[in-house]
Amino acid sequence: MTNSFRTLDDVDVKGKRVLVRVDLNVPMDSGKVTDATRLERIAPTITSISDKGGKVILLAHFGRPKGRDEKNSLKPVAAALANVLNKQIAFADDCIGEAAAKAVAAMKDGDILCLENTRFHAGEEKNDPAFVAELAKLGDIWVNDAFSAAHRAHATTEGLGHKLPAYAGRTMQAELDALGKALDAPKRPVIAVVGGAKVSTKIDLLENLVSKVQALVIGGGMANTFLHAQGIGVGKSLCEKDLAPTALRILEKAEAAGCAIILPVDATVAFKFEANTPSQAYGLDAIPADGMILDVGPQSIERIHAAIDDAATLVWNGPVGAFEIAPFDRGTVVAAKHAAKRTKEGKLISVAGGGDTVAALNHAGVADDFTYISTAGGAFLEWMEGKPLPGVEVLKK
């Protein structure tokens, strides 16, 4: 897929000022980074440009500040990134103006500089042309390595691509390659597993997937809405009853597209939503009126396994049960381990993404065994919904 995008392989960065949009929005506690995954992911791009004599100027946002707010400064994140890279990183306390210009002017080939939070300026999220022009003065080329922010048309994620020669960084390139293999030009048959609490947040996703995949497993609280739409009693389970017509429309669309919808055939039910509360498996015709469906049942897990066994490509977004509390994590964990095993055997290309999904796969201990895990939440979802991403479109040849 990346044949259609300009990448770092298409440019000589030596002596150039390279504005690199990265994702530094990492979890922090008491001024310390608690999970360096995103920092580790951007290391290859930064190192590659620096080693080839480019001047690396990092652009990023952190949090949702309304104007300048020291709580959202990138300074401690830059220090953590320096540790990950084992290289020195200079810091400028603004991303435009004199402070930024002086810091860039002082750079030598191979140096790395991090500019302060771009969202300290309202022009970032507004994609304000004047703000874009100020940023563009600091660089000769622009590299976008923040797929996770590619669904936003902001100054540093899209605007700069219209002012400077634009290229995909290594993380962006890996993401586009993986996603291309999953849905754009996949090895068929393709199965999607979509879970999570609510259908309302994933209507566009489900409607796009039924036309792209051969089988769609629906789990989590979402499945209850589909079961209710078909006249099955779901007791006191989480269920968006008002979305029954939407669920039926999606089922009809799937049938017309030849996509098999795989819903639970049994369920693990409890009477309280708390860890290790007594629970038991029930057939769908016997869900107690005062019970809550909190996970798929054993027969449903077998069906998910069979669907995974039939597939050449798997796209996964969202857990199939209330995975954050035991024992209702079982369905998600067992299915994830099964997918990981097929992947390790070379029988499956497995791509997963979304915050809850990554947490669930880490919990199952299989995140490293999937073909690709996207750490991008909103961008991954919008890509799965079939929407063009501004920060990707601007990189096309």
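This is a predicted model: local features need pLDDT of at least 70, side-chain atom pairs count only at pLDDT 80 or more; totals for chains, interfaces and linings use all residues.
**Group meeting: a first walk through the chain**

Let's start with a pair of strands: β1 and strand β7 (residues 141–144) run parallel and are joined by four bridges. When I say strands pair, I mean that DSSP finds at least two bridges between them.

Residues are numbered from 1 along each chain as its sequence is written, and side-chain values use heavy atoms, with hydrogens and water left out.

Back to β1, then. It covers residues 17–21, and four of those five residues are buried, meaning under 20% relative accessible area with a 1.4 Å probe and protein chains only; over 50% is exposed, and in between is partly exposed. β1 also pairs with strand β4 (residues 55–59), again in the parallel sense, over five bridges. So who sits across from valine 18? In β4, the bridge partner of valine 18 is valine 56, and in β7 valine 18 stands opposite isoleucine 141.

Okay, zooming out. The chain has 14 helices and 17 strands. Its radius of gyration is 23 Å, close to the 21 Å that the globule rule gives for 397 residues, so the chain is as compact as a globular protein of that length. That radius is taken over C-alpha atoms, and the rule is 2.2 Å times the number of residues to the power 0.38. Along the principal axes, the C-alpha atoms fill a box of roughly 70 × 45 × 40 Å.

How much of the chain is buried? Buried residues make up 57% of the 397. As for contacts, meaning heavy atoms within 4.5 Å, take those between residues at least 6 apart in sequence: 74% of them join residues at least 24 apart.

Last stop, proline 390. You'll find it in helix α14 (residues 390–393), and it's partly exposed, with a relative accessible area of 22%. What does proline 390 touch? Leaving out residues up to four places away in sequence, it touches Ala150, His151, Arg152, Ala153 and Glu158. Arginine 342, on the other hand, is 48 residues from proline 390 in sequence and 34 Å from it in space, C-alpha to C-alpha.

That's my tour, thanks.

Conventions: Helices (H or I, at least four residues) and strands (E, at least two) are DSSP runs, numbered from the N terminus.
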